[in-house]
Amino acid sequence: MSIQARSGARWGSRLSDTVEDVWSASYSSHYTPIRYDNISDIAGSANVYGVLPDGKLTFSTIDAATGNRTKTLISSTIVGFTPKAMATLNFNTILMTDTAGYLYRIDVITNNTSLGYNPPVRIATGWTHELLTYDGNTHLFGIRNGDLRRYTVSATKPTDATIGAGQLIGNGFFLNTLAATSSNWLIGTTPAGALRSYKLDSAGTWEGHSLATDHWFFDAFLSPGNGVYYGRTTGDGLYRYLDNNPYDDTGNDIHSFPNDPVDTTGWTQILLSAQPGTITRD
């Protein structure tokens, strides 16, 4: 089964046609396009969960080295609420909020040849965050009205009791996308198209850096870790990026693949989230 894109194209086998992309001088000065298809020091697959407008879940895998989407599954059942934000904790656990402020845990029971999950479990109230992400090391982050909070998750299948009360990190975090690149390290895009990164310590002290000031216009931004990024455009394409050193506080070494995206259309999910910690680098 393939997903029907809003543009009328279908999300079946990976699209490989070359597409033209014209960059401004300021954009091209910050990013070095790579024309080959394989990255020798990257290994592993990005595991990406999503939810479609009709409430069905999706699960996709992307080969990090080639950018090839190797699997897409769609559930036969719907979540039964209106999703607002989501974060993937591990291979079979998703946290998702709804528009009423409830936090749900979704336990996936199969994502091999079909996608199935147990009925969502409502575990908490008061979760009105616009954005959620998980860093793979007990830290769940949420942004609500520009306030960034960090929660400690102490169980692989969390309940209300195993998610901490939350620590206010700061305000002014007006992002439209949010992802975690590693433990206590966040990345996201602004409505103006800037790419921002944030490094935190255990006390909650943080420092932020602008990796780019324009052209990063995405309505979803994902990272499975180790400098691998995916951005979903308003045209439903999923584009890929490699940060040569994701911890150097600069975007000068982020490589783009404009002529070889994951897909040029078809990513019609209203929410997307990558499982952390699935990519390795030599």
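I started at asparagine 145, which sits in the loop between β13 and β14; helices (H or I, at least four residues) and strands (E, at least two) are DSSP runs, numbered from the N terminus. This is a predicted model, where local features need pLDDT of at least 70, side-chain atom pairs count only at pLDDT 80 or more, and totals for chains, interfaces and linings use all residues. Residues are numbered from 1 along each chain as its sequence is written, and side-chain values use heavy atoms, with hydrogens and water left out.

Most residues other than glycine have a negative phi. I noted asparagine 145 as exposed because its relative accessibility is 58%; buried means under 20% relative accessible area, exposed over 50%, partly exposed in between (1.4 Å probe, protein chains only).

Histidine 215 went on the list too: its phi is near 75°, positive in a residue other than glycine. I found histidine 215 in the loop between β19 and β20, and its 33% relative accessibility makes it partly exposed.

**Whole chain and confidence**

I count 1 helix and 25 strands in the chain. The average pLDDT is 88, and 86% of the residues score at least 70; pLDDT is the predictor's confidence in each residue, from 0 to 100. Over residues 1-38 the pLDDT stays under 50, and the model has 89 contacts beyond four places in sequence for that stretch. Contact means heavy atoms within 4.5 Å.

Of the 282 residues, 55% count as buried. Among contacts with a separation of 6 or more, 54% are between residues 24 or more positions apart. I get an accessible surface of about 11500 Å², with 49% of it on carbon and sulfur atoms (Shrake-Rupley method, 1.4 Å probe; for residues, only the protein chains shown count as cover).

**Sheet β12 to β15**

Next I traced an open sheet of 4 strands, in the order β12-β13-β14-β15, with antiparallel pairing. Two strands pair if DSSP finds at least two bridges between them. Which strands stand at the edges? They are β12 (131-134) and β15 (167-170); each has a single partner strand, so one side of each is left without a neighbour in the sheet. Neighbouring strands are turned by 25° against each other on average, direction ignored; axes are lines fitted to C-alpha atoms, for helices over the stretch in contact, and angles run from 0 to 180 degrees between N-to-C directions.

β12 and β13 (residues 139-144) pair over 4 bridges, and tyrosine 134 has leucine 140 in β13 as its bridge partner.

I then clicked on arginine 150 in strand β14 (residues 147-152). Is it buried or exposed? Arginine 150 is buried, with a relative accessible area of 7%. Leaving aside neighbours within four places in sequence, its contacts include Phe141, Gln167, Ile169, Asn184 and Asp201. Leucine 168 is 18 residues from arginine 150 in sequence and 6.6 Å away, C-alpha to C-alpha.

**Sheet β16 to β19**

Another open sheet of 4 strands runs β16-β17-β18-β19, again with antiparallel pairing. I marked β16 (179-182) and β19 (206-212) as edge strands, each pairing on one side only. The twist averages 25° from one strand to the next. β18 (residues 195-200) and β19 are joined by 6 bridges, where tyrosine 198 has glycine 208 as its partner.

Tryptophan 185 lies in strand β17 (residues 185-189) and counts as buried because its relative accessibility is 10%. From tryptophan 185 to tyrosine 198 I have 13 residues in sequence and 5.7 Å in space, C-alpha to C-alpha. Its contacts, leaving aside neighbours within four places in sequence, include Tyr198, Pro246 and Tyr247.
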